Amino acid sequence: MSHELQFYIDGAWVNPAVEHRLDVIDPSSEDAFAQISLGSEADVAKAVAAAKRAFATFGFASRSERLDLLHRIVEVYKKRSHDLALAVSREMGAPRPFALSNQVGIGLSHLQKMIEVLGSFQFQHAKGTSLVVKEPIGVVGLITPWNWPLNQITCKVGPALAAGCTMVLKPSEIAPLSGIIFAEILDEAGLPPGVFNLVNGDGPTVGQALANHPDIDMVSFTGSTRAGILVAKAAADTVKRVHQELGGKSANILFPDVDFSIAVPKGVAGCFGNSGQSCNAPTRMFVPRDRQEEVIAFAKAKAETFVVGAADGPGTNLGPVVSQIQYDKIQNLIESGIAEGAKLVAGGPGRPPGLNRGYYVRPTVFADVTPQMRIAREEIFGPVLSILPYDTVEEAIELANDTPYGLASYLQAGDIEKARQTALRMRSGNVHINYPAWDAGVPFGGYKQSGNGREYAEYGLEDFLEIKGILGYEPA
């Protein structure tokens, strides 16, 4: 039975309080291929009430009970991995192989890492004659985005369950089907009723209702900085904890001693991954001014290797961006780069040749970008790279940090010790030296307007815990 028009509340699939449907658009074709129901305040109230009832017992579930639950979720998740990949590919345009290996794979990694963390995490410790306890914060509202839907669902739901919280999830209404399948996975895994609830809907209605509901103890939000500010304002009246993972404009500094034939193509690939729709994408490449022409040649050659096409197209490694709104925003910023005098190295406005329908963006590279240009300051969220020349490494570090964002920084250097010293000066939550492998055990989150709080592994678990001090626990 299809659950696309239903919500998952209190352990059952239920119809919305008021029928209001929304088409789900395939960005490869611009055609609607499914419909979901949009929720209302009444649906949120019902889901929060179910989560509150469930917390009275699940909040005291043993470690072994929570571990068993996570193990069962992992097994069902594996079984449904191809269903998840197809949903992600159709709803947000990820090429099919990438959807399975990266989009679905990263979700599995988070769940497995949380099992590992929960097995040894210390929830209490003695301090003199007192006891310090870390306990679940309570009922949490989870609001997740469309660009990495399973990454964000699993790195919120996993630690929330491990902590003993109960929850209401609102996936992005643009990419909701993977969230519905995830709810089916949790149902099959045998979660107690009310522990996990799902209500689809938009931000102004369902997101707002979650953020200002008095029985929600914490909101964990991933999305744009603009939307994150609105969530925080809505939550302020009830003084709940707000965890935000927001936008980014990450710098990639190429030191003069690095091998540009390796560092530049990898930087382009990192920027264009997931069609540029990653908040930590290395979109600002800082290069020595006297080497910029060399960098341009490598960047142009790499950009021209990308095959743009439908998510299910043969050889596609750069799918469409998610929506008409995103496409229009990206086109506007590409046009602004040209108008403000940046040198267009590859790509440019419009769709690639032969692609007249679908939200396809030409893989675009600009050089001679100055720090004041819009393409150097605004989050583009598309396959657009800006190359900014620098005269000294000190200048590059200063310019890299000169941004309202602070999610990630990238350093490419032959002198590893110099890179390590520079990493300590970067004002960002993550620093990547010489393109290391992704690590599910490292904290993820930002400085400044990239948000607050941390996700992944024990750092994500900590954010779903409250700290209690019990004095006089032992006789003096």
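Buried means a relative accessible area under 20%, exposed means over 50%, and partly exposed lies in between (1.4 Å probe, protein chains only). The model is predicted, so local features need pLDDT of at least 70, side-chain atom pairs count only at pLDDT 80 or more, and totals for chains, interfaces and linings use all residues. Residues are numbered from 1 along each chain as its sequence is written, and side-chain values use heavy atoms, without hydrogens and water.

**Exercise 1.** Find where D368 lies and state whether D368 is buried, partly exposed or exposed.

Solution. Begin with the location: D368 sits in the loop between β15 (364-367) and α12 (374-377), where helices (H or I, at least four residues) and strands (E, at least two) are DSSP runs numbered from the N terminus. Next, take the backbone, where D368 has a positive phi of about 50° although it is not a glycine. Finally, the relative accessible area of D368 is 35%, and therefore D368 is partly exposed.

**Exercise 2.** Describe how helix α3 (residues 81-92) and helix α6 (residues 177-189) are arranged.

Solution. Two packed helices are described by the angle between their axes and the distance between the axes. The axes of α3 and α6 come within 8 Å and cross at roughly 160°, with axes being lines fitted to C-alpha atoms over the stretch in contact and angles running from 0 to 180 degrees between N-to-C directions. Angles over 145 degrees count as roughly antiparallel, and α3 and α6 are therefore roughly antiparallel to each other. The contact (heavy atoms within 4.5 Å) involves D83, L84, A87, V88 and E91 of α3 and L177, S178, I181, F182 and I185 of α6.

Terms used: Angles under 35 degrees count as roughly parallel, over 145 as roughly antiparallel, 65 to 115 as roughly perpendicular and the rest as oblique.
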